Amino acid sequence: MDKPPILVARAIFPEIIDQLQQHFEVEHNQADELWSKQQLAAKLAGKAGAFTTGGERIDAETMANAPGLKIVANMAVGYNNFDLPAMTQRRVLGTNTPDVLTETTADFGFALLMATARRLTESEHFLRAGRWTRWSYDMFSGRDVHGATLGILGMGRIGQGIARRGAHGFGMKVIYHNRSRLAPQLEAECKARYVGKEELLKTADHLVLVLPYSAESHHVIGAAELALMKPTATLVNVARGGIVDDVALAAALREGRIAGAGLDVFEGEPQVHPDLLKVPNVVLSPHIASATVPTRMAMAQLAADNLIGFLVHGKPLTPLNPE
Ligand code: DGY
């Protein structure tokens, strides 16, 4: 029997490609070029499945030439690159990679929080520039992490992981806001107290954003929200660009209306707003919160298992829009 044709839209681990080739006719973007929407649409033509990595837009336009497309497996827990209603309408299944990256991403969120609070990037730049001439009592004084109030906006699995690290590892007081309240047992495990959004913004010493991106969460942190935060507070985003209004954030950082920010994600990434590049009190990283070798491998494996599970055995592992 002919193997179903699939597209792997970005470079991924060779061992995953080997596995996929056992079941499918694989077209692989080994060169890892970033395709335009038109190029992606052309590549999807005639394919039964696709392996995407989070940056490829799957919507009516990109699926227009692919009437045989049955599944798109995203190697990411976030799936804001999918127009899920358009996929459902065309009976295209979307899958993502939940759970396997939770702890790794929570580790990184906490690393970014600590680096921001303790001004690690700023002080390293100072040292590398040869400007360190003596010890000084107020040089790069930051904010304490231990015992501080940790605010979490978006209390899914990753948010809970960050809460646990803060509460159990650093004796932080944890407050959170979420669409729905956690079950009492989970709140107790995370030592987290549910508060309204305004209280969260006003009270947190360190605010971490871990909510999914959607039309509702677009610019959920803008000028008005930043104005509620303490001038000593820090903001960390390991969720998605677009949740924060980067221009408003850069202005708040420049004017000292908040103390610092740690950002792994950006609106329009891989472009970063030039205003953010100009402010010193921000720690910037290129969307690497889930980037450890075992976790990226587990994500790739789960995406591949979804393709094999669905196209070969009729059963995906982590479907987003099951029939
Ligand atoms: C995710 O899984 O959504 C991450 O942002 C991708 O690394």
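Predicted model: local features only at pLDDT ≥ 70, side-chain atom pairs only at ≥ 80, totals over all residues.
Val236 belongs to strand 10, which covers residues 234-237.

Leaving aside residues up to four places away in sequence, Val236 touches Gly109, Leu112, Leu113 and Thr116, together with His206, Val208, Leu209 and Gly262. Glu187, by contrast, stands 49 residues from Val236 in sequence and 21 Å from Val236 in space, taken from C-alpha to C-alpha.

## Helix 4

Helix 4 runs over residues 102-117, and its 16 residues reach 22 Å from the first C-alpha to the last, close to the 22 Å expected at 1.5 Å a residue. Its buried residues include Gly109, Leu112, Leu113 and Thr116, each of which is also touched by Val236; Phe108, Phe110 and Ala115 are likewise among the buried residues of helix 4. After the helix comes Arg119, which has a positive phi, near 55 degrees.

## Nonpolar cores

The largest nonpolar core holds 52 residues, and those with the most contacts inside it are Ile152, Val174, Leu209 and Val210. Helix 4 supplies the largest share of this core, with 7 residues. A second, separate core has 39 residues, including Met63, Phe82, Leu93 and Leu302. In soluble globular proteins, nonpolar side chains tend to be buried together.

## The ligand shell

Around the ligand lie Gly54, Ala76, Val77, Gly78, Leu101 and Ser290. By residue class, this shell divides into 3 nonpolar and 3 polar residues, with no charged residue.

## The chain as a whole

The chain contains 12 helices and 12 strands, and buried residues make up 42% of its 323 residues. Among contacts between residues at least 6 apart in sequence, 64% join residues at least 24 apart.

Along its principal axes the C-alpha trace spans about 75 × 50 × 35 Å. A compact globule of 323 residues would have a radius of gyration near 20 Å, so the 21 Å of the chain agrees with that expectation.

Key:
Residues numbered from 1 in each chain as written. Helix = DSSP H or I, 4+ residues; strand = E, 2+ residues; numbered from the N terminus. Rg over C-alpha atoms; globule rule 2.2 N^0.38 Å. Buried ≥ 20, exposed ≤ 12 C-beta atoms within 10 Å, placed from the backbone. Contact = placed C-beta atoms within 7 Å. Near = placed C-beta within 6 Å. Nonpolar A, V, L, I, M, F, W, Y, C, P; charged D, E, K, R; others polar. Expected span 1.5 Å × (residues − 1). Core = buried A, V, L, I, M, F, W, Y, C linked by C-beta atoms within 7 Å.
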